[in-house]
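Please consult the sequence and structure shown here while reading.

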Amino acid sequence: MIREERTPQSEKAAPHSGPCIVSEGLGAWYGSLQALRNISMSILAKRVTAVIGPSGCGKSTFIRCLNRMHEVVPAARVSGKVLLDGEDVYAPGVDPVEVRRRVGMVFQKPNPFPTMSVFDNVAAGLKLNGLRAPGGLAERVEKALRQAALWDEVKDKLKQGGAALSGGQQQRLCIARALAVEPEVLLMDEPCSSLDPIATARIEDLVRELCDRYTIVIVTHNMQQAARVSDMTAFFLMGQDRAGELIEYGETQQVFTNPKDERTEAYITGRFG
Amino acid sequence: MIASARTHARRKATNYIMIALCGLATLAAVGVLLLVVGYTLLQGIAYLNLGFVTQTARPLGEPGGGMRHEIVGTIVLVGLASALGIPVGLLAGTYLSEFGGRVGSVVRLVADVLTGIPSVVVGIFVYVVLVRPMGTFSALSGAVALAIIMLPVVARTTEEMMKLVPQTYREAALALGIPRWRVIVSVVVPGAMVGIVTGSMLALARIAGETAPLIFTALGNRFGFAGLDEPIAALPLQIWRYAVSPYDTWHQQAWAAAFLLVMLVLVISVLVRWLTAWRRG
């Protein structure tokens, strides 16, 4: 089923594109529990990279390491390197706040700020950072909402609360919110897992459009989704001690049609996971 | 699965009984409030007029007179105590909720113990550390005593309310590259605002009725507000003095003052809620 699916985006991926984020020997812990071991992979600029694998294999932990959100959890720590445009984001003296401005994130559950209007939600990243938007805040908000394919639906209710929107709209609002600070990379942690198929399709279309301008890393449980939206696919699996490991990483078409590792094949053909 | 008719009937009956019990309990809770307010009103009705609010006390035997000094005194005391207690409580609660750690659990324990300390003990404490050195009873020492009573209540409710703000909102804000202090100020506090206001109002209502600590600190003053370093009158103090007196007219005035006190707390509470709701848009 998956093998027959059209993956036109892989054709686009063919011309070489430079790495944007490179992880080198990345390990992550929650207290004494190791969640990731020795992840080394380079994520290509302006491509969509899907991270797939069974529950608990460290997919989310991995992308949270990329923008230093992992350390927000108490007792969490990281080893190894994450190079963003060649600079280690874990080097001493690097401000995690600065990293997160360059690497935006969309979460599993839509989480627009409940006390803010639609407009303020999108403007939050700029306003609360005290950043000035050249051309004005309103223009930047409109641009972000247009990029997130939400402008037409909310242009008349910018003053209303963000929580009044539908689930799919809320998630696109969160995408707009992340885009408004103009990051280089957008990390998406199962962005469709709480949405219905129609809302999911809209987000997937959006991901394809956005990869012209942004480097996107999307974690998904849904293998068809990975096949549909991504150029590159990384397959993670839990090791013996429950630490996540990178099993296979390559062009999506190759990973889905001709996996090099038998565990990848077993997973994508649905024999486990 | 379909339950048998008998099981079904039993479940229905249990359901009705439990709903009825809940209803009765609610009625009892609200009923007590109505009884207290109603009885107070009934007993004090003879004195409840505009003069009671605008006039000062008359000598015993003269009819009329009012509680102007006491009302002003209570407003000054409660206002000053809130100005001292609420900001400190808010910051302490923020620390407990957002930074806490091991120090936090110690602070939390201390705050809980402080909540349980009888207010009369707080009064004696302030008498020793403030009234004695100052050489006089004063509005300031009264306010400090009330603020101490207020502090742990505000701190703990602020903490609890801020903890109720889901972690996902903090993460969303942090992931936008917003510094942590700004996340707390602009995302967590607004999310917890309604609860924080409610908690602060409860604390305020509690100190507005405190009598014991004021005996050792504010003392009372029949001649009106004379500065923060002078003794000051307060409604609960006057209610207590009048209530333990042997005179019927004073008893009535005590009832009327008690009703006034309840109304004062109610008005402040409604006003603050209205203001915060209005500011939130």
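In this predicted model, the contact between the two chains draws 15 residues from chain B and 22 residues from chain A. On the chain B side, α7 (167-175) and α8 (180-208) each supply at least two residues. The largest share of that side, 6 residues, comes from α7(B). By class, the side of chain B that touches chain A comprises 9 nonpolar, 4 polar and 2 charged residues.

| Helix pair | Axes come within | Crossing angle |
|---|---|---|
| α5 (residues 119-134) and α6 (residues 139-164) of chain B | 9 Å | roughly 145 degrees |
| α4 (residues 118-127) and α5 (residues 137-147) of chain A | 9 Å | roughly 110 degrees |

In chain A, the axes of α4(A) and α5(A) cross at roughly 110 degrees, which means that α4(A) is roughly perpendicular to α5(A). From α4(A), the contact involves A:F119, A:V122, A:A123 and A:L126, and from α5(A) it involves A:L137, A:R140, A:V141, A:A144 and A:L145. This contact has 8 nonpolar, no polar and 1 charged residues.

In chain B, the crossing of α5(B) and α6(B) is right-handed. Helix α5(B) contributes B:S119, B:V122, B:G123, B:V126, B:L130, B:V131 and B:M134, while α6(B) contributes B:S141, B:V144, B:A145, B:I148 and B:I149. The contact of α5(B) with α6(B) contains 9 nonpolar, 3 polar and no charged residues.

Definitions and conventions:
Residues numbered from 1 in each chain as written. Chains lettered and ligands numbered in written order. Predicted model: local features only at pLDDT ≥ 70, side-chain atom pairs only at ≥ 80, totals over all residues. Axes fitted to C-alpha atoms, helices over the stretch in contact; angles between N-to-C directions. Helix = DSSP H or I, 4+ residues; strand = E, 2+ residues; numbered from the N terminus. Left-handed = near helix turned anticlockwise from the far one by under 90°. Contact = placed C-beta atoms within 7 Å. Nonpolar A, V, L, I, M, F, W, Y, C, P; charged D, E, K, R; others polar. Parallel < 35°, antiparallel > 145°, perpendicular 65-115°, else oblique.
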